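I opened the file to look up a few packing and backbone details. My notes follow in the order I made them.

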Amino acid sequence: MTTTNHSHSASSARAATPSAPFGTDVTWTNWGGNQSATPAFTVRPRNEQEALDAVRFAIREGLPVRAVGSGHSSSPLVQTGGVLMDMSALSAITGTDLTGRRARALAGTTINAFGDPLWEQGLALGNQGDIDKQQIAGALATSTHGSGKNLGSFSSALRWVRLINGYGEIVEIGEGQLRELRAAQVALGTLGIFLEVELAVEDRYYLQEEITYPTWAETAATWQADIDGNRHYSFLWCPDDDSCELLDLPGSPGQSMANRSYTKRYNIAQVKDEREISRTEGARLDRSYRIYPGGFTTPFHELEYFVPSEHGLEAVQAVQDLIRTKHSDQKYPVEVRWVKADEGYMSQFQGRDTTVITLTTEPGTDYWPFFRDADAVLQEFEPRAHWGKIHFMTRSRLERLYPELDTFIQIRREFDPRGMFLNDHTRALVG
Ligand SMILES: Cc1cc2nc3c(=O)[nH]c(=O)nc-3n(C[C@H](O)[C@H](O)[C@H](O)COP(=O)(O)OP(=O)(O)OC[C@H]3O[C@@H](n4cnc5c(N)ncnc54)[C@H](O)[C@@H]3O)c2cc1C
């Protein structure tokens with residue numbers, strides 16, 4: 001691995017206030033506009049030393065600390081009245097290893113900043129989600145995922161991390177410390193401040209896109225064949241004619257989209273010459289990282305639940321029935337994806353191959369009755385929830401759904417005995 005060296009000096013413990021640029025009256029608001037906070041200090045470290053100074057300052061002053069990535073989570077993960085660490089300046093690919101298929105990056109590197117530099121080294125991320133604006137540490141903290149039954153989330157690819165713990169020390173967790181690594185893979189920002197991460201990546205690859213618009217009956221009839229037969233398969237079921245437009249997706253020309261799916265299949269394609277690249281809508285052929293992100297630019301609020309994939313079809317039908325019978329005002333498409341089981345203690349995919357069901361709603365409307373009813377109808381499938389989206393998880397639900405919850409909490413306390421990296425939301429879940 002070719003890497004960049006970092007160093008820090010011990011004298012920073014004596015700094016009076018954070019050495020990084022900071023403000024004391026900065027109100028933070030997330031992308032979706034449903035979460036905000038006015039921390040005592042908002043700090044934007046430009047290097048490891050400044051990040052370390054900020055944490056040591058917080059320890060001395062008895063202030064809690066939370067990090068913020070790109071602010072794309074709609075659950076109350078980021079809020080703090082203490083020190084908010086804006087990690088956006090810590091952004092760079094710091095190393096690649098073609099033989100070992102690894103890439104290192106600073107924690108604030110956005111997913112879209114991996115594309116070109118990795119490609120130039122013959123590498124690519126193994127999978128990506130619907131957008132690529134998140135910072136890598138933010139995506140890891142909530143187990144952000146794409147779709148593909150044999151593909152894990154970003155968190156499942158984490159192999160090493162360098163972080164600041166609750167003692168104000170920089171520590172590293174690698175594959176030699178599997179117990180801790182599985183806690184770090186999905187940590188909700190509660191182990192400490194991630195500075196740099198290493199991910200398992202793949203040889204670079206091209207993807208051929210295929211967009212189709214089957215009826216719901218056709219979607220259900222080819223359910224398993226589509227999941228098994230494509231590297232990436234996902235669909236958005238449309239309850240209404242105008243559903244696609246709500247997510248900036250093209251509908252099917254000349255056909256009603258009501259009770260039809262916008263279906264995405266991506267498969268690996270051989271490209272000898274980049275003049276073969278095609279940007280034709282619905283049939284694009286391009287480098288992998290240019291195919292994944294699309295649409296989803298207008299703010300919305302989401303609830304996303306994860307059910308064992310053997311119950312996927314039944315669970316989607318339960319949600320469709322709910323919309324048809326009780327919430328016919330809900331017009332956004334219902335997105336359905338697949339993710340491979342993994343081992344992160346707090347991963348929503350821990351120990352189970354998963355079907356992901358995403359319900360999208362309009363900011364400013366009263367979507368709570370819909371979300372509460374969806375939560376209720378999905379309970380029989382033992383759903384876990386996306387940590388970065390609206391959810392109704394409680395400690396008692398976690399005790400039932402996450403077999404390694406106690407191990408995670410024990411490790412969290414080892415890294416942060418005073419709980420300085422908790423806020424009210426995470427304290428209730430994993431404090
Ligand atoms: C339009 C849109 C599309 C989306 N698409 C998908 C998708 O396809 N698949 C999917 O799974 N999710 C998706 N999401 C959800 C999103 O990926 C997650 O909410 C993700 O966590 C956001 O990353 P972020 O960088 O914005 O982090 P933030 O929301 O800013 O933070 C998330 C968590 O990460 C922690 N954190 C951030 N940086 C650090 C650090 N350096 N050290 C320690 N902790 C840190 C924060 O404290 C917080 O707990 C989408 C969200 C939106 C708004």
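This is a predicted model: local features need pLDDT of at least 70, side-chain atom pairs count only at pLDDT 80 or more; totals for chains, interfaces and linings use all residues.

**Helix 9 and helix 10**

I looked up how helix 9 and helix 10 pack: the angle is about 145° and the axes are 10 Å apart. The crossing of helix 9 past helix 10 is right-handed. From helix 9, Ala315, Ala318, Val319, Leu322 and Ile323 make the contact, and helix 10 supplies Phe370, Asp373, Ala374, Val377 and Leu378. I sorted these contact residues by type and got nine nonpolar, no polar and one charged.

Next I asked which residues of helix 10 (residues 368–378) are buried. I found Phe370, Phe371, Asp373, Ala374, Asp375 and Leu378. Their cover includes helix 9 (312–325), helix 11 (395–401), strand 18 (301–308) and strand 20 (354–361).

I then went to an open sheet of four strands, which has the order 1-4-6-5 and mixed pairing. Strand 1 (22–23) and strand 5 (65–68) are its edges, each pairing on one side only. Strand 4 (residues 41–43) and strand 6 (residues 83–86) run parallel and are joined by three bridges. I checked Thr42 and found its bridge partner in strand 6 to be Leu84. Helix 1 packs on this sheet and touches strand 4, strand 5 and strand 6, with its direction at about 170° to that of strand 6.

Is Ala54 buried or exposed? Its relative accessible area is 0%, so I logged Ala54 as buried. Beyond neighbours within four places in sequence, Ala54 is in contact with Pro18, Val43 and Met85. Ala54 and Met85 are 31 residues apart in sequence, and I read a C-alpha to C-alpha distance of 8.0 Å.

**Positive phi**

Last, I looked up two non-glycine residues with positive phi. Leu188 has phi near 50° and is found in the loop between helix 4 (178–185) and strand 12 (193–200). Its relative accessible area is 2%, so Leu188 counts as buried.

Asp248 has phi of about 60° and lies in the loop between helix 7 (243–246) and strand 16 (260–269).

How values were computed. Residues are numbered from 1 along each chain as its sequence is written. Side-chain values use heavy atoms; hydrogens and water are left out. Buried means under 20% relative accessible area, exposed over 50%, partly exposed in between (1.4 Å probe, protein chains only). Contact means heavy atoms within 4.5 Å. Two strands pair if DSSP finds at least two bridges between them. Axes are lines fitted to C-alpha atoms, for helices over the stretch in contact, and angles run from 0 to 180 degrees between N-to-C directions. A crossing is left-handed if the near helix is turned anticlockwise from the far one by less than a right angle, and right-handed if clockwise. Ala, Val, Leu, Ile, Met, Phe, Trp, Tyr, Cys and Pro count as nonpolar, Asp, Glu, Lys and Arg as charged, and the others, Gly among them, as polar.
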